[in-house]
Structure formats: C-alpha cells, structure tokens
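These are my notebook entries on one structure. I set down what I looked up, entry by entry.

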Amino acid sequence: MGVDKKVSDFSQQLKKVEHNLTGMINEVKTDVNVLKTKYDESQLEITTLRRDFTELEQGVAGMDLQIQAIEGEKLQKQKYELQTQMNELKDQVTLLEKHERKYNVMIYGIDDSNADENIYSVTRQLFSENLKIEQRKANAIPIANAHRVPTRGSGPKPIIVRFIHYGDKQLIMSSAHNLKGSQIRILDDLPVSMKEERFLLSHVAYKIRKKEKLQTRIRDVGAHMTLETRKNRGEPWSARE
C-alpha cells in the first residue's frame, strides 16, 4: 500500500511537471511566434525604409540634375544676352566710325615710286585722266586731306582722300567704272572690321564669277558687308547667303 501510494504521488507530480512544462513550452512557442511576427514586421519596415531611402536618393539626384540643367540654361541665356549686347555695341561703334569715314575714299594701285610726288596732283590727274571727269571740274573739287597709307603688303601704298563735300565723293565713286581693265581701284573707306568682311567676300565673289558666271557686287548694309549676285543687267540683285 505504501509503495502504490508513492507511485501514485510520483505519477501525479510527474503529470503536474509535464503539465507545467507543456504550459511553459506553449508559452515559449507563443513568445517565439510573437517575436517572429515582430521580426517579420521589423524586416518589412526596414525594407520599406530602404525603398523610401532609395527613392529619396534618386529624387535628390534628379533634383540636382534639374538644378544643374536650370543653372546651365540660365548661364547660357545670360551668355547669349551678353554676347548680343556686345555685338550690338560693337555694331554701334562701327556705325559711328563708318559715319566718320563717310567723306573718304581709298585709292589702290597708283604707283608710289616717286618719292617727291604731290599727292594732290596725283589724285586730280587720276580724276581727269582715268575717271574721265572734265579737268576744270576735277581741279575744282575741294579736298580736305590726301595721303598715302602705310601697309604691310607688297605693291603701292594706297591713297586715302577726304572730300569736303559728299557730292564730290559720290561723283568720284560713280565714275570709278572707267577704271575697268586697269590695276587701279577706288573703294569706300570703311572701318577695319568691314574692310576685312569686304576682303573675304571679294574672294568668294571671284569664285562665283568664274564658276557660276554671275555678276557680283559687294556693298555695305549697316555695320556689315553683303554679297549680291545677278545673271545680267536685266535682273535685280539678290543677296548671297
């Protein structure tokens, strides 16, 4: 009887321990499930944060590119506006200089080997003999100034002539066609930038006359030079691009 009771008590205690252990295991499992759920939630939050951070990084990078593009466009616009203002100012200066030279002509191709030449006599002789202007009228044209212009190139130094009356200059220019076939040329005295444009266009005009058999002329328009062409005298002049 004593042994049976002890076995029975031990069995009850074992069941109690087993029950308690089972309860503890169930609690641990529950806790583990709770922890796993919290861990999964934490991982999801971390993933979301990483995605949000990546999107934020990309957004910031995109904003940087947009800012750079805007700044670049702004700088380009400012550069263009500044260049436009500079070009306009340059043209205004050129026009002022052109107006100052309005009464001048440049004469090229007259022999300068005579060291004792009288430049006024040389020019008046040109007017009467080469330009076919009546000698009395040629001698009566008042000239403000005339002299040779030093140059670096070969050939005779050109003569610059300044007239007192603009009408006299127009008479000389309108008579310049009589120089055709000679080495002498009479051109408007222009600012340096316009002379350079005229020089470059003269080479283009020569090629056009040779290859396309067109008539050419170069004239000043505002602060720049333009090249015009036509097939014959019966057609109007058209600007050449």
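I take buried as under 20% relative accessible area, exposed as over 50%, and partly exposed as in between (1.4 Å probe, protein chains only). The model is predicted, so I note that local features need pLDDT of at least 70 and side-chain atom pairs count only at pLDDT 80 or more, while totals for chains, interfaces and linings use all residues. Residues are numbered from 1 along each chain as its sequence is written, and side-chain values use heavy atoms, with hydrogens and water left out.

Entry one: a helix residue. I found Ile25 in helix H1, residues 2-100 (helices, H or I, have at least four residues and strands, E, at least two; both are DSSP runs numbered from the N terminus). Ile25 counts as partly exposed because its relative accessibility is 41%.

Entry two: the sheet. I looked up three strands, which form an open antiparallel sheet in the order S5-S6-S7 (two strands pair if DSSP finds at least two bridges between them). S5 (215-221) and S7 (238-239) stand at the edges with a single partner strand each, so one side of each has no neighbour in the sheet. Strand S6 (residues 224-230) is joined to S7 by two bridges. Glu228 stands opposite Ala239 in S7.

Lys132 sits in the loop between helix H2 (119-130) and helix H3 (135-140), and is exposed at 60% relative accessible area. Phi of Lys213 is also positive, near 55°. Lys213 lies in the loop between H5 and S5 and counts as exposed, at 63% relative accessibility. Most residues other than glycine have a negative phi.
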